[in-house]
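Reader: I would like to go through this model with you, one topic at a time. Could we begin with the strands and then move on to the backbone and the packing?

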Amino acid sequence: MKKIIGAMIIISMVISGCSGKKEKKDTLSWEPTVTLTEQVALDDTLTLKQIEHGVIVVEHQYPWPSNSLLVELENKSILWIDTPCTPDATQLVLNWIEQNYGKDREIIEVNTGYHFDNLGGNKVLAEKGISIYASDITGDCIQQRGEEARKQFLDMLQDDAHKTYYDTYAELSYVEPCAYVDMELGQEKSMYIKDGVEIYYPGESHSPDNIVVYIEDRKVLFGGCMIKSLTSKNLGNVKDANMTEWPKSIEKMMMKYTEEQVKHVIPGHGEAGTYALLGATLALFDTAD
Ligand SMILES: [Zn+2]
């Protein structure tokens, strides 16, 4: 009888040991405030979709779908990476945040580049006094290349069907980030801006200044415009890209963040996915000219 009880204890220890481990891997030690069981549309162009409890992709189609990301942090702050393309859309998301999380939450914004799909909504955030982090290379790019980037963007919107978008982007002003992180063009660098929130600049890529954001406890990597979705057939708009350095930058990123450390990768445009997006983006260089 003693033997049997002993065996039962060992078995139950093994079982609870396994499930204990699994729990640790799959659940957080704290509870995110908002759960989205289905996609939420704030208007015809703007949707919110949860990819992990407390991790919400904001897609703004204006006219092309672009992603920003909301992540509730353990200290209850809301990390917002990039913005919708316009102040109006950004205001709608801000209203939604206030309705769902309350008005007192600290919001921290990170701009991952200087294009309008990264920071077009800054005006609204700056007026709210929200801290907007970015690499200081992004500040230089706004100053030196901002108007040229606008021109290139407007060139893609010449069609009459795009008139509304053309008019918006022709008028949209660049509002600079307020919390610049010291970086040097082409020099790999990473830095924590909050507990467990790291920004990483691997070097030039889709634009000279693109950074990525890694959220440790959620294993989330916001790749932004440097990373393409799995359905992308090409590298998209490469007018501002450094085509030699871009693949090297992705390789550096893969050295820094292993597949083990990354559960979700969010590209600048299109569906979020897994670590496979990094390799798939690299593969697109084989087919590029
Ligand atoms: Zn982009």
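Reader: What is the strand order in the open sheet of 5 strands?
Author: In this predicted model, the order is β9-β10-β11-β12-β13, and the pairing is mixed.

Reader: Which strands stand at the edges?
Author: Those are β9, residues 189-194, and β13, residues 264-267. Each has a single partner strand, so one side of each has no neighbour in the sheet. From one strand to the next, the twist averages 20°.

Reader: In which sense do β12 and β13 pair?
Author: They pair in the parallel sense, over 4 bridges, with β12 covering residues 220-224. Gly 224 has Pro 267 in β13 as its bridge partner.

Reader: Let us turn to β4 and β5. How do they pair?
Author: Their pairing is antiparallel, over 4 bridges, and Leu 70 stands opposite Trp 80 of β5. The two strands form a hairpin with 5 residues between them.

Reader: Which residue in that turn has a positive phi?
Author: Lys 76, at about 80°. Most residues other than glycine have a negative phi. Lys 76 is found in the loop between β4 and β5.

Reader: Is Lys 76 buried or partly exposed?
Author: Lys 76 counts as partly exposed because it has 14 other C-beta atoms within 10 Å, while a buried residue needs 20 or more.

Reader: What about the phi of Lys 219?
Author: Lys 219 is not a glycine either, and its phi is positive, at about 50°. This residue sits in the loop between β11, residues 212-215, and β12. With 18 C-beta neighbours inside 10 Å, Lys 219 is partly exposed.

Reader: Staying with the backbone, which residues does the cis peptide bond join?
Author: It joins Tyr 62 and Pro 63, with omega at about -10°. Pro 63 lies in the loop between β3, residues 55-61, and β4, residues 65-72.

Reader: What is Val 71 in contact with, leaving aside its neighbours within four places in sequence?
Author: The contacts of Val 71 are Gly 54, Val 55, Leu 79, Ile 215, Arg 218 and Val 220.

Reader: One last topic: at what angle do α5 and α6 pack?
Author: α5, residues 136-155, and α6, residues 163-171, pack at about 175°, and their axes are 10 Å apart. The two helices are therefore roughly antiparallel to each other.

Reader: Which residues make that contact?
Author: From α5 they are Arg 150, Phe 153 and Leu 154, and from α6 they are Tyr 166, Tyr 169 and Ala 170.

Methods:
Residues are numbered from 1 along each chain as its sequence is written. This is a predicted model: local features need pLDDT of at least 70, side-chain atom pairs count only at pLDDT 80 or more; totals for chains, interfaces and linings use all residues. Two strands pair if DSSP finds at least two bridges between them. Axes are lines fitted to C-alpha atoms, for helices over the stretch in contact, and angles run from 0 to 180 degrees between N-to-C directions. A residue is buried if 20 or more other C-beta atoms lie within 10 Å of its own, exposed if 12 or fewer, and partly exposed in between; C-beta atoms are placed from the backbone. Two residues are in contact if their C-beta atoms, placed from the backbone, lie within 7 Å. Angles under 35 degrees count as roughly parallel, over 145 as roughly antiparallel, 65 to 115 as roughly perpendicular and the rest as oblique.
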